[in-house]
Amino acid sequence: MSGRHPLLTGIALVALAFLLGPILPVIGIALTAGDTIEFPPRGLSPRWFAEAVAHEPFLAALRTSVLLAAAGTALALLLGLPVALALTRSGARLRAGVGTLFTLPVIVPELVLGYALFQTLMVDLRVDAFGALLAGHTVLLLPYAVRVTGAALARADPSLEEAARGLGATGWTTFTRVTLPVARPGIVAAAVLSVVTSFNNVPLSLLLNGPGTTTLPVEMLHHVEFAFDPLVAAACTLLLALAVAVTLVTERLAGFTHVFGRQEATRWNR
Amino acid sequence: MWHTRTTRLLLAPGLAVLALAFLYPVAAALLAPSPDADGGLAGRLGALAADDHIWRATARTVRIAALTTGLCLLLGLPLGRLIARSPARRQALLLALALFPLLLSTVVRTYAWLVILGRTGLMSTVLTGLGLSDRPTQLLYTETAVVIGLTQLFTPLVVVTSYGAFSQVHPDLEAAARGLGASAGAAFRRIVLPLALPGILVGATLVFAGAVTAFTTPLLLGGARTPTLATLLYTYAGVSVDWRSAGAVALVMTGVVLAAAALAARASAKAVPS
């Protein structure tokens with residue numbers, strides 16, 4: 001291979017170590033038998049794992065986060081797939097105009113959207129915290145649903161649908177038997193991406209909380225703000241294991257880099 | 001081409017939700033001239049003019065975001081290029097490793113830096129252990145700590161966009177330049193880089209916008225002494241319930257992000273003479 005520069009290769013490997021390395025000490029802290037975050041850890045013990053999985057605020061927040069990620073993803077797909085369908089089948093002008101409208105939620109800062117929803121939905125309209133969270137997450141995930149399923153639909157051959165219709169299939173049959181299977185990889189990718197985005201989100205969820213309704217990352221954040229103990233390290237290590245599991249499942253389902261390697265999908269984590 | 005009626009029916013639910021849960025609330029929070037609790041747009045602009053905190057936080061936020069963008073490019077571009085030029089199997093593995101951190105919440109990834117940079121953390125232990133420092137060092141709660149944390153957070157974005165950009169430059173073009181006598185450096189500078197520039201700019205914009213709006217990292221690693229626009233907005237809206245100032249910060253933050261996106265779009269249009 002021509003022109004491979006040893007210095008650049010060196011920087012590339014340092015970058016990779018810089019990306020992955022810092023997560024490792026967290027596992028060490030999680031396994032400590034002591035009460036504080038310090039190096040080296042004082043003895044080894046699984047006690048903080050036991051405390052983390054029994055910590056009621058984390059469990060309640062986990063329930064909220066799981067419910068929110070599932071409902072938000074379902075809603076975003078339910079609303080976004082028809083939009084993607086309409087945009088791939090319509091003229092360039094509509095596609096440019098309406099398409100841009102559906103990318104706006106990733107451009108406006110999430111913290112600003114959260115603040116706006118807090119004012120309009122929770123204060124003015126007295127919507128409860130979960131309702132506001134669901135509205136916010138649905139809107140945040142909508143761009144992914146539209147663009148990722150849209151990309152799958154755009155790659156499909158429109159003559160497939162015409163052939164089905166020509167052979168006497170109704171519009172609905174054509175949709176369920178032809179269009180939906182064609183869009184399936186895009187739907188799977190959008191779903192995985194949406195669940196991860198929603199589950200990890202902090203800025204949007206931050207202001208939208210009420211009694212008993214806080215998402216897991218926000219709850220963990222508040223715990224870190226006020227207590228410097230290894231409880232969060234244990235929770236982080238469990239989430240790390242979950243991320244590894246998601247990686248492996250995604251690889252089996254749709255190809256990891258296919259789902260997470262898209263440019264339009266890279267705004268998803270802040 | 002479909003009937004417009006079907007198109008409208010398909011678009012209607014999505015547009016309705018977008019309007020109710022996004023367009024209206026954001027427009028109301030940023031631009032509404034109505035004399036509500038925060039004094040409307042005039043009140044927000046008044047708070048902006050009067051509040052030195054906001055301007056200092058804006059300058060700090062832009063400084064942090066610019067440094068972060070530079071460092072992310074420095075680390076991410078070589079990695080993106082290395083991945084783009086690796087054989088297919090290794091390419092998939094390297095890309096997966098570089099993207100894996102994106103699956104973790106920012107809370108998890110920022111917490112890791114607390115563990116490393118804290119007073120009794122890994123870094124302090126190593127430095128005192130090596131005799132490089134005679135007392136526990138404290139890097140936490142400085143702008144440097146925020147930049148380190150954000151760089152780790154956002155480098156994957158540069159890797160994935162520049163990997164895509166470098167992959168699209170056909171290797172024959174570079175080989176042709178070399179064959180015509182260009183050095184490896186010149187071939188990269190004059191052929192590869194201009195062709196990959198739009199993709200690189202996309203990555204840089206994502207990082208800059210991400211760093212301007214990042215919340216978790218400046219909160220945990222910067223602390224109260226180094227407020228950024230995001231942590232200031234949280235303080236005004238969530239802690240002191242000062243809506244006039246919160247609205248003002250939201251306005252500035254949105255403005256900075258939109259300005260950066262517009263600048264990048266112009267630079268990108270210049271880079272690709274059509």
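**Exercise 1. Determine how helices α4 and α8 of chain A are oriented to each other.**

Solution. The axes of α4(A) (residues 56–88) and α8(A) (residues 129–155) come within 6 Å and cross at roughly 45 degrees. Axes here are lines fitted to C-alpha atoms, for helices over the stretch in contact, and angles run from 0 to 180 degrees between N-to-C directions. Angles under 35 degrees count as roughly parallel, over 145 as roughly antiparallel, 65 to 115 as roughly perpendicular and the rest as oblique. The two helices are therefore oblique to each other.

The crossing of α4(A) and α8(A) is right-handed; the term applies if the near helix is turned clockwise from the far one by less than a right angle, and left-handed if anticlockwise. The residues of this contact comprise 19 nonpolar, eight polar and no charged. Ala, Val, Leu, Ile, Met, Phe, Trp, Tyr, Cys and Pro count as nonpolar, Asp, Glu, Lys and Arg as charged, and the others, Gly among them, as polar.

Conventions. The model is predicted: local features need pLDDT of at least 70, side-chain atom pairs count only at pLDDT 80 or more, and totals for chains, interfaces and linings use all residues. Residues are numbered from 1 along each chain as its sequence is written, while chains are lettered from A and ligands numbered from 1 in the order in which they are written. Helices (H or I, at least four residues) and strands (E, at least two) are DSSP runs, numbered from the N terminus.

**Exercise 2. Describe how α4(A) meets α1(B), and list the residues that make the contact.**

Solution. The axes of α4(A) and α1(B) (residues 4–31) come within 8 Å and cross at roughly 135 degrees. That makes α4(A) oblique to α1(B), and the crossing is left-handed. From α4(A), the contact involves L79(A), G80(A), P82(A), V83(A), L85(A) and A86(A). From α1(B), the partners are T7(B), L10(B), L11(B), P13(B), G14(B) and V17(B). By class, the residues of this contact are nine nonpolar, three polar and no charged.

**Exercise 3. Characterise the side of chain A that touches chain B.**

Solution. Two residues are in contact if their C-beta atoms, placed from the backbone, lie within 7 Å. On this criterion, 79 residues of chain A are in contact with 79 residues of chain B. Helix α7 of chain A (residues 110–124) supplies the largest share of the chain A side, 10 residues. That side divides into 57 nonpolar, 17 polar and five charged residues.

**Exercise 4. Identify the buried residues of α12(A) and the elements that cover them.**

Solution. A residue is buried if 20 or more other C-beta atoms lie within 10 Å of its own, exposed if 12 or fewer, and partly exposed in between, with C-beta atoms placed from the backbone. In α12(A) (residues 216–226), L216(A), P217(A), V218(A), E219(A), M220(A), L221(A) and V224(A) are buried. Their cover includes α4, α10, α11 and α13 of chain A, together with α5 and α10 of chain B.

**Exercise 5. Summarise the fold of chain B.**

Solution. Chain B has 12 helices and zero strands. Its C-alpha atoms fill a box of roughly 75 × 70 × 30 Å along the principal axes. Of its 274 residues, 49% are buried. Among contacts in chain B with a separation of 6 or more, 73% join residues 24 or more positions apart.
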